[in-house]
There are 2 protein chains.
Amino acid sequence: MNHELSRRAKHSQPSMIREILKVTQNPDVISLAGGLPAAELFPLKELGEAQDRVVAERGAAAFQYSVTEGVPELRAWIAQRMNGRYGCSVEPNDVLVTSGSQQGLDMFARVLIDPGDTIVVEDPTYLGALQAFDAYEPSYLTVATDADGIIPEALEAALRGAKKRPKFLYLIPNFENPTGITLALERRPKIVEICEAHDLPILEDDPYGEICFDAAGPPPPLLSYAKKDGITYLGTGSKIAAPGLRVAWTVTRNKAMHDKLVTAKQGADLCSSPWAQYVLYEFVRSEPRLQAHLDIVRAAYRSRRDAMIGALSATMPKDAEWNTPAGGMFLWLTIPGLNTDELFEVAARDNVVFVPGRTFFANRDRGDGLRLNFSAMKEAVIREGIERLSKAVREFEGAPV
Amino acid sequence: MNHELSRRAKHSQPSMIREILKVTQNPDVISLAGGLPAAELFPLKELGEAQDRVVAERGAAAFQYSVTEGVPELRAWIAQRMNGRYGCSVEPNDVLVTSGSQQGLDMFARVLIDPGDTIVVEDPTYLGALQAFDAYEPSYLTVATDADGIIPEALEAALRGAKKRPKFLYLIPNFENPTGITLALERRPKIVEICEAHDLPILEDDPYGEICFDAAGPPPPLLSYAKKDGITYLGTGSKIAAPGLRVAWTVTRNKAMHDKLVTAKQGADLCSSPWAQYVLYEFVRSEPRLQAHLDIVRAAYRSRRDAMIGALSATMPKDAEWNTPAGGMFLWLTIPGLNTDELFEVAARDNVVFVPGRTFFANRDRGDGLRLNFSAMKEAVIREGIERLSKAVREFEGAPV
């Protein structure tokens with residue numbers, strides 16, 4: 001039977017990354033394309049103990065429907081951590097628990113975007129956010145970034161030049177996906193000030209902030225600089241515990257916005273699993289336990305980043321450029337004049353894959369750059385993968401291998 | 001800061017049931033308004049064992065991101081049960097795991113509804129479905145039901161008379177929420193035939209089918225009568241195990257529709273928790289274990305239904321009418337000429353609440369009838385609740401109490 005699709009569904013496409021991941025079923029292929037945290041570092045023992053406590057102590061509540069907003073203990077912990085670690089002033093009632101940050105992106109988009117609305121994004125930016133927003137049919141106003149993140153002057157100019165008043169600015173301030181770039185400390189108050197002057201809400205997506213290779217942590221979130229209540233912050237348990245829990249959260253001091261997000265979530269899935277929320281809470285409530293786990297993850301990812309940087313330095317042609325992320329899971333590689341869509345085909349034949357840059361540019365208008373993941377593999381595999389990639393680059397450039 | 005809301009968000013309202021549930025925080029109030037399964041019957045021991053096995057045997061996969069479609073073992077079990085129990089012929093690849101059936105409703109609506117589209121619904125129907133659909137701004141074409149469910153002749157007439165070609169028919173064939181009514185066996189092929197003749201897709205929502213008080217089970221699903229691939233079936237683990245897992249599924253043999261649902265879910269939350277999916281699978285994979293649990297739930301709910309029917313018979317005025325559901329969690333009470341919105345105020349003062357009927361009528365154009373839940377309380381509480389409600393009805397009617 002022919003189903004007459006909605007306009008948005010007619011244009012919807014599966015994520016390119018999902019398609020790449022299917023290619024990597026071949027065990028000979030080294031995938032630097034993934035976006036996965038290291039599963040061998042998941043705190044299985046601690047999560048196993050946490051789930052036992054939850055079922056023993058409050059199994060009936062954990063397995064029942066719960067309020068849409070989320071379980072009170074976890075919301076209180078989130079507010080407390082935002083305030084203690086990042087100097088925000090938020091309350092448990094500002095928190096809505098979501099089924100992963102992806103649902104936070106979807107709910108925020110649902111509440112704000114009508115077809116044809118303009119969204120301001122960094123260029124490149126997170127593919128999953130673009131996919132969430134695309135369902136609501138916006139157009140994108142892209143703002144240039146450099147090694148210190150989104151450029152305040154470029155943002156100001158873009159907002160002044162916008163033909164139509166944009167709905168919000170989306171950005172990832174820490175160890176961005178896909179570039180690994182961090183928005184510099186001194187730029188943060190400027191970005192907030194510009195947006196507040198233009199009455200432009202901000203969606204601050206911070207999945208990676210806790211995976212900081214410097215013990216001091218990343219700069220404070222934009223939320224901590226806000227004088228108005230225009231920022232919605234997205235945090236997640238996916239990187240501090242495990243993504244399989246599917247527990248993340250939105251934080252906004254704007255009561256009307258919070259309430260609309262709650263109503264949207266009611267219609268979307270009633271509530272996130274209280275069982276998963278309690279298990280995450282049981283894991284994170286002990287600060288030493290959480291800290292010990294984060295120390296392990298940070299040290300491992302830092303070592304993997306270093307392995308990748310070392311291999312890039314040793315094997316890439318001279319004109320290749322990359323950054324050294326201060327945290328997170330990704331770095332960004334560019335080879336001037338090289339179209340990375342085409343490089344992908346060559347590299348795949350050499351049994352290494354990555355994500356070509358085009359998919360992260362909101363208007364798909366640039367083919368330079370590519371994303372490399374360093375969190376999901378051990379150092380030896382990373383080195384081998386980069387060697388294969390360098391070989392592919394040289395093949396592609398026609399240089400002697 | 002003023003957030004400029006999307007059109008859909010401007011009109012969104014929190015669910016009335018959620019608001020009623022807040023009223024029932026008062027411990028003196030008996031709530032017949034809820035829609036909760038009996039938490040004291042959750043198989044906590046079995047779920048505790050299941051989660052231990054999952055973490056011990058495949059913790060890394062359980063806590064990692066997973067494919068959007070769902071974990072293969074659970075999808076295979078779902079297809080097998082649909083085929084074995086209900087005589088369908090579906091394959092694991094026809095199954096998409098969702099975060100509760102509510103997400104299935106949201107995804108289906110997202111894929112099919114554009115603003116102004118017409119959706120065909122039973123009248124009354126499930127409030128949560130209306131809330132999911134409302135986000136996509138449809139209008140509703142309502143079809144009358146009687147004691148045997150949606151009336152084929154009324155459906156045929158409605159489709160013939162429709163000014164605009166409707167997008168799909170939504171219905172709950174077994175122990176409907178809110179009425180408890182079951183679509184009669186002989187009507188099922190007729191409904192399928194009518195829809196196939198009109199090329200109208202069906203969204204068949206079956207959360208309660210497994211909670212059948214007759215050991216033979218409910219009549220086969222509409223899906224089993226389909227000659228075309230126009231039916232999407234929604235099933236759930238919420239009633240056979242526990243809603244806190246947030247694991248449910250869509251089943252459709254239409255490959256294009258399935259693919260669009262998967263893509264929509266990618267944008268909405270990437271994937272449902274593989275941990276929760278594996279735990280549900282570990283629980284349901286043993287047929288004797290599942291059967292033993294379902295026997296307990298069915299016997300308890302049947303006894304609670306009987307307690308409610310007995311109390312209604314003993315205390316209600318002669319003109320009150322109710323049905324005797326063959327399964328599920330709800331029954332429907334009408335008192336001719338009585339507006340149940342107004343009755344609610346009187347009853348609340350007598351410390352008993354229910355859900356007034358209006359909220360279940362898609363166009364909010366009828367105020368008769370009310371929904372009573374019998375799954376969430378023990379018999380003595382049900383009896384006391386019905387006595388209070390009968391007192392309120394008599395007060396309201398001005399009859400001597």
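Select strand 13 (residues 355-356) and strand 14 of chain A: the two pair in the antiparallel sense over two bridges. Strands here are DSSP runs of E, at least two residues long, and helices are runs of H or I, at least four residues long, both numbered from the N terminus. Two strands pair if DSSP finds at least two bridges between them. Click Val355(A); its bridge partner in strand 14 of chain A is Arg371(A).

This is a predicted model: local features need pLDDT of at least 70, side-chain atom pairs count only at pLDDT 80 or more, and totals for chains, interfaces and linings use all residues. Residues are numbered from 1 along each chain as its sequence is written, while chains are lettered from A and ligands numbered from 1 in the order in which they are written.

**Along strand 14**

Show the side chains of residues 370-373 in chain A. Leu370(A) and Leu372(A) point one way, Arg371(A) and Asn373(A) the other, and all are buried. Buried means that 20 or more other C-beta atoms, placed from the backbone, lie within 10 Å of the residue's own; 12 or fewer is exposed, and in between is partly exposed.

Strand 11 runs antiparallel to strand 14 of chain A, and four bridges join them. Phe330(A) stands opposite Asn373(A).

Zoom out to the whole sheet. Four strands of chain A form an open, antiparallel sheet in the order 10-11-14-13. Strand 10 (321-322) and strand 13 of chain A are at the edges with a single partner strand each, so one side of each has no neighbour in the sheet.

Select the eight-stranded open sheet of chain A next. Its order is 2-9-8-7-6-3-4-5, and its pairing is mixed. Strand 2 (95-98) and strand 5 (149-150) of chain A are the edge strands, pairing on one side only. Inspect strand 3 (residues 118-123) and strand 4 (residues 139-146) of chain A: they run parallel, joined by six bridges. Val120(A) has Leu141(A) as its bridge partner in strand 4 of chain A.

**Two domains**

Color chain A by domain. Domain 1 covers 7-36 + 290-397 and domain 2 covers 46-285; the bounds come from an automatic or database domain assignment. Their C-alpha centres lie 25 Å apart. Across the boundary, 28 residues of domain 1 of chain A are in contact with 29 residues of domain 2 of chain A. Contact means C-beta atoms, placed from the backbone, within 7 Å. On the domain 1 side, helix 11 (287-315) of chain A gives the largest share, six residues.

**Chain A meets chain B**

Display both chains. A rotation of 180 degrees with 0.0 Å of shift along its axis superposes chain A on chain B, RMSD 0.0 Å. The two copies are thus related as by a two-fold rotation axis.

Select the interface. Chain A contributes 70 residues and chain B 71 residues. Helices of chain A that each supply at least two residues include helix 3 (44-63) and helix 9 (255-269). Of the interface residues of chain A, 100% are also interface residues in chain B, so the copies meet through the same surface.

Finish on Leu245(A). Leaving aside neighbours within four places in sequence, its contacts include Val279(A) and Leu280(A), and also Phe63(B), Ser273(B) and Trp275(B).

Terms used. Copies are superposed by least squares on the C-alpha atoms of residues with pLDDT of at least 70 in both. Two residues are in contact if their C-beta atoms, placed from the backbone, lie within 7 Å.
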